[in-house]
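Please look over the structure below.

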Amino acid sequence: MINFTAPPSKSLAQRALLAAALAPERAGASRIVNVPENADVLPLLDILPKLGVTLTRLAPGEYLIRGQADGLWQGGSRQSPVTCDVKESGTLCRLLAALLNSGQGFFHLRGTGRLHERPLGHLGKALQSLGCHIEFLEKDGFPPLLIKGLGSQAAPAPREPGGHSAAPETAPPPKIRVLEIAADESSQYVSALLMLAPLLGGLRLIPKGRQVSRPYIDLTLQILRLAGIEAEAAACPNATTGNDVTGAAQCFTVLPGAYRPFDYVVEGDWSGAAFLLAAGALGAKPARVSGLQADSAQADKTIVHLLQSMGAGVEQTENAVTVYPPPPGQPLRGVEFDLAPCPDLAPVAACLAARANGESLLKNVGPLRIKESDRLAALQRELARAGCSTSLSQGENGENLLIRPPEILLGHPDSEKLHEYWGNLESTQFQTYNDHRMAMALSLLGLRRKAGSFLVRLDNPGCVKKSFPQFWRDWEKIL
């Protein structure tokens with residue numbers, strides 16, 4: 001058995017650091033532990049001090065955060081705005097596109113690489129409807145952008161010690177605004193508005209369309225509550241269509257209030273662990289990953305269900321998961337799997353499907369087009385290099401991807417031709433598209449149940465630093 005520890009969740013770390021940085025200095029400091037110091041989080045650690053936030057690194061992955069005296073992030077002038085370079089972090093870009101509006105002064109939000117090709121239009125329009133001042137500097141609806149903070153207009157009512165509003169208890173509940181937002185492109189639009197909402201007098205948010213990545217909204221609600229913000233999800237009154245993955249119509253309500261300091265240990269990342277768990281199903285030895293909370297709200301914990309559905313053996317405890325390959329002579333089975341709540345699992349699911357005995361149908365793959373790469377096109381190209389055939393079809397709620405493994409791996413293949421197939425695959429160079437999840441997923445194609453696993457050749461293996469810098473060190477244990 002090969003033992004691993006899950007990397008920390010960058011999704012939770014980003015939300016926790018931002019919430020801690022929004023708490024006024026007078027309220028005290030937050031302590032965040034197990035922060036992943038990867039290429040998606042490091043830009044935030046660089047940006048926060050520019051906004052006037054005091055950030056102290058106590059130890060690797062451990063930070064003390066004190067917000068501004070009045071809780072308002074400090075910008076610059078229109079001619080010399082504070083530059084917030086998020087590099088290639090789409091999550092950070094969308095969250096800051098909302099939260100910088102709570103500051104005062106001007107902010108220049110930008111990134112690098114494919115970041116400027118990832119849409120912000122729906123979020124921008126929603127923010128403008130709330131009175132925020134946003135200018136798209138190059139292409140309408142896309143970064144980079146210039147933001148003029150609302151300053152004191154965005155400041156919430158102060159709270160008394162213990163977290164209660166200074167308003168008398170007899171005061172009527174605040175009347176909050178209601179806003180609709182398209183949620184079928186990215187859940188990050190919803191998360192960004194939810195984090196800004198308490199600083200704008202509260203908000204009731206109604207997602208339009210079928211929500212993708214809904215569990216990531218639950219992660220945002222979890223951090224908001226930890227930071228003393230009253231936030232809830234509930235059935236939408238008079239709704240006629242469903243908007244989450246179960247078809248139920250839900251809206252989100254956040255009451256006005258100030259962020260409060262908190263202590264938090266970032267939990268393990270199911271998204272990064274998924275590749276290691278999948279290796280247990282495809283390789284010669286079982287894989288055990290610790291640091292994975294069974295009760296986590298993370299979307300990608302559904303990797304457990306996917307592996308079980310394909311015939312792998314799975315054992316789960318409160319804090320660890322062990323995956324075993326199917327019994328001898330039994331390959332993985334093709335499956336039908338809905339990616340709407342967990343699109344980040346698409347690369348690992350596709351590469352597992354490439355090694356299954358039979359076709360697999362991955363449903364609702366449309367959102368993959370606006371990830372770090374056009375993952376839908378990238379997966380089709382790279383699976384073709386591995387001998388798979390793929391096709392797209394229109395399903396009830398979005399695009400579906402059909403994957404058929406190489407013919408040579410199905411049935412009872414000729415041993416000589418099979419040897420030739422593996423030899424050709426070992427000499428093939430695959431393209432990562434500078435996408436960390438593509439790099440990690442394609443590595444699965446080199447694993448075999450018997451002797452002969454190899455390291456897949458990639459054009460840019462270093463791109464894993466975005467979320468899992470130690471991935472290759474862990475991968476050496478498998479080979």
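Is Arg 404 buried, partly exposed or exposed? Arg 404 is partly exposed, at 27% relative accessibility. Here buried means under 20% relative accessible area, exposed means over 50%, and partly exposed lies in between (1.4 Å probe, protein chains only).

## Basis

This is a predicted model: local features need pLDDT of at least 70, side-chain atom pairs count only at pLDDT 80 or more, and totals for chains, interfaces and linings use all residues. Residues are numbered from 1 along each chain as its sequence is written, and side-chain values use heavy atoms, leaving out hydrogens and water.

## Salt bridges

A salt bridge puts a side-chain nitrogen of Lys or Arg within 4 Å of a carboxyl oxygen of Asp or Glu. The count is 22. Arg 404 pairs with Glu 359, with the closest N and O atoms 3.9 Å apart. Glu 359 sits in the loop between strands E19 and E20, and Arg 404 in strand E22, so the pair ties together parts 45 residues apart in sequence. Strands are DSSP runs of E, at least two residues; helices are runs of H or I, at least four; both are numbered from the N terminus.

Asp 85 and Lys 87 also form a salt bridge (3.4 Å, N to O). Asp 85 is buried at 17%; Lys 87 is partly exposed at 39%.

## The sheet

Four strands form an open sheet in the order E1-E14-E16-E15, with mixed pairing. Pairing requires at least two DSSP bridges between two strands. E1 and E15 are the edge strands. E14 and E16 run antiparallel, joined by four bridges.
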